[in-house]
Amino acid sequence: MTTSIFYFVATLSIIFSLMVIFAKNPVHSVLYLIVTFFTFTVHYILLNAQFLAVVNFIVYMGAIMVLFLFVLMLLNLNKDNEPLKSTLIKVVGVIAGCCLLVTLAGALKATAISDPVVLRNPNLGLVKNLGKELFGPFMLPFELCSILLLSAMVGAILLTKKEKV
């Protein structure tokens, strides 16, 4: 049952990610990207990584994609504004696409040889275990990151504050 759900969601992920690439309208492309991120959230749930699923749902689908959508609507991209692409850019794009296809073929060849992923520890992705790791051996780096983020937030506030004349 789980494998059939996995293959169904993986197929949806591939379809929607291709729709992101081939959509003519940039707003539609961002909307397809939101759906693609939702399928990634379903993958995280299937892998028993609830924390990653929630973070992906809130941060990527909620905040970043809304920001992308806002910027695209603010820019008001039209066909008239888009310059014509030179042949050099088109050739580089074709070469990059061929490199991507070779990489994809090598990855598919490697997956045919390897064993499927089996979850040996069912408590692997739980928030409780993540908290034990973060506040255990990784306590110092975690706290240093929080101090760094706090100083960045204070710096951003000070940069935007107007000085009195």
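Good morning. I begin with the contact between two helices: Pro26, Val27, Val30, Leu31, Leu33, Ile34, Phe37, Phe38, Phe40, Thr41, Tyr44 and Ile45 in helix 2 meet Leu52, Ala53, Asn56, Phe57, Tyr60, Met61, Met65, Phe68, Leu69, Leu72 and Met73 in helix 3. Contact here means heavy atoms within 4.5 Å. Helices (H or I, at least four residues) and strands (E, at least two) are DSSP runs, numbered from the N terminus.

A word on the source. This is a predicted model, in which local features need pLDDT of at least 70 and side-chain atom pairs count only at pLDDT 80 or more, whereas totals for chains, interfaces and linings use all residues. Residues are numbered from 1 along each chain as its sequence is written, and side-chain values use heavy atoms, with hydrogens and water left out.

First, the overall arrangement. The protein has six helices and zero strands, and from the N terminus on its elements run α-α-α-α-α-α. Of its 165 residues, 14% are buried; buried means under 20% relative accessible area, exposed over 50%, and partly exposed in between, with a 1.4 Å probe and protein chains only. Among contacts with a separation of 6 or more, 57% are between residues 24 or more positions apart.

Now to the pair itself. The axes of helix 2 and helix 3 come within 9 Å and cross at roughly 175 degrees. The axes are lines fitted to C-alpha atoms, for helices over the stretch in contact, and the angles run from 0 to 180 degrees between N-to-C directions. The two helices are therefore roughly antiparallel to each other. As for the cut-offs, angles under 35 degrees count as roughly parallel, over 145 as roughly antiparallel, 65 to 115 as roughly perpendicular, and the rest as oblique.

Let us take helix 2 by itself. Its 21 residues reach 30 Å from the first C-alpha to the last, close to the 30 Å expected at 1.5 Å a residue. That expected span is 1.5 Å times one less than the number of residues. The buried residues of helix 2 are Val27, Ser29, Val30, Ile34, Thr36, Phe37, Thr39, Thr41 and His43. What covers them? The cover includes helix 1 (2-22) and helix 3.

Two residues of helix 2 illustrate this. Thr39 is in helix 2 and, at 5% relative accessibility, counts as buried. Leaving aside residues up to four places away in sequence, Thr39 touches Val9, Leu12 and Ser13. Leu33 is also placed in helix 2, but at 23% relative accessibility it counts as partly exposed. With the same exclusion of residues up to four places away, Leu33 touches Val20 and Met65.

Next, the link. Asn48 lies in the loop between helix 2 and helix 3. Its phi is near 65 degrees, a positive value in a residue other than glycine. Is Asn48 buried or exposed? With a relative accessible area of 17%, Asn48 is buried. Its C-alpha atom is separated by 6.9 Å from that of Leu126, 78 residues apart along the chain.

Helix 3 spans residues 50-75, has 26 residues and reaches 36 Å from its first C-alpha to its last, close to the 38 Å expected at 1.5 Å a residue. Where is the kink in helix 3 centred? The kink, of about 30 degrees, is centred on Met65; the bend at a residue is the angle between axes fitted to the seven residues ending there and the seven starting there.

The C-alpha atoms of Phe68 and Val27 are separated by 8.8 Å, at 41 residues apart along the chain.

Finally, the record. An unreviewed UniProt entry lists residues 6-23, 30-47, 53-75, 87-114 and 134-159 under "transmembrane region". UniProt positions are given in the numbering used here, feature names are shortened, and annotations may be inferred rather than shown by experiment. In the model, residues 30-47 are 94% helix and 0% strand, with end C-alpha atoms 26 Å apart. Residues 53-75 are 100% helix and 0% strand, and there the end C-alpha atoms are 31 Å apart.
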